[in-house]
Amino acid sequence: TGELGIRCTTTCEPSDGPIGNLIRQVFKGRIKMPAGENKNINSGDLFDEQMAYLFAADRHDHLYNDIDGIFSILNKGISVICTRYYFSSLAYHCSNESDFIFVQELNKNFPQPDLIVYLDNPVEVSIKRMESRKFKDSYENHKKLTQAKENYKKAISNYKGNILIVTATEPQENIKTAIKEKIIELFNE
């Protein structure tokens, strides 16, 4: 039970499931995937296209598996806080409009979250924060983070659900307070 008296748990994408673990191995470079352009469908990047498929498959398993899937947790009366969701696929797997349409279509049947919290962080600050990491995945570079930031803006601007945009350079206590206030507002609706 959290600070607000709400039973909750956390999870993430990629998930801890079999497909999520496969994705982590790809990011570590232990599993190699083709790169370059897929001219057959006007994809901006073949690697991103493949990752979009893998993330969608992982997301499906993450939501619907009976062991530790999000819906099985929700059915127990426990709220779920998940880092990333299909908006991350829109952000990281798209380099042109064709990609954006493809990823939207791939994820269109997944349920909308009750709330999106977008931590808006300058790319340079993100790069600085990652300097101490022992391992950085293939998406953690200036070019990809800049593209992702622009794609997040696009995805968020079209989103009709509940969203909280927080400046990630604010003190942690301010960020925590803003999120708590939004959650209280949603639970009181």
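Modeller: Happy to! In this predicted model, the largest nonpolar core has 32 residues. Such a core is a set of buried Ala, Val, Leu, Ile, Met, Phe, Trp, Tyr and Cys residues joined through side-chain atoms within 4.5 Å, and buried means under 20% relative accessible area, exposed over 50%, partly exposed in between (1.4 Å probe, protein chains only). Met51, Tyr86, Phe87 and Tyr92 have the most contacts inside this core. At least two of its residues come from each of helix 1 (18-28), helix 2, helix 4 (86-92), helix 5 (97-107), strand 3 (116-120), helix 6 (123-130) and helix 7 (142-157); these helices (H or I, at least four residues) and strands (E, at least two) are DSSP runs, numbered from the N terminus. Helix 2 gives the largest share, seven residues.

Helix 2 itself covers residues 46-64, and 14 of its 19 residues are buried. From first C-alpha to last, helix 2 reaches 27 Å, close to the 27 Å expected at 1.5 Å a residue (that is, 1.5 Å times one less than its number of residues).

Back to Phe87: leaving out residues up to four places away in sequence, Phe87 touches Gln112, Pro113, Ile116, Tyr152, Ala155 and Tyr159, where contact means heavy atoms within 4.5 Å. There is also a second, separate core of five residues, including Leu115, Leu164, Val166 and Leu186.

For your bookkeeping, residues are numbered from 1 along each chain as its sequence is written, and side-chain values use heavy atoms, without hydrogens and water. Local features need pLDDT of at least 70, side-chain atom pairs count only at pLDDT 80 or more, and totals for chains, interfaces and linings use all residues.
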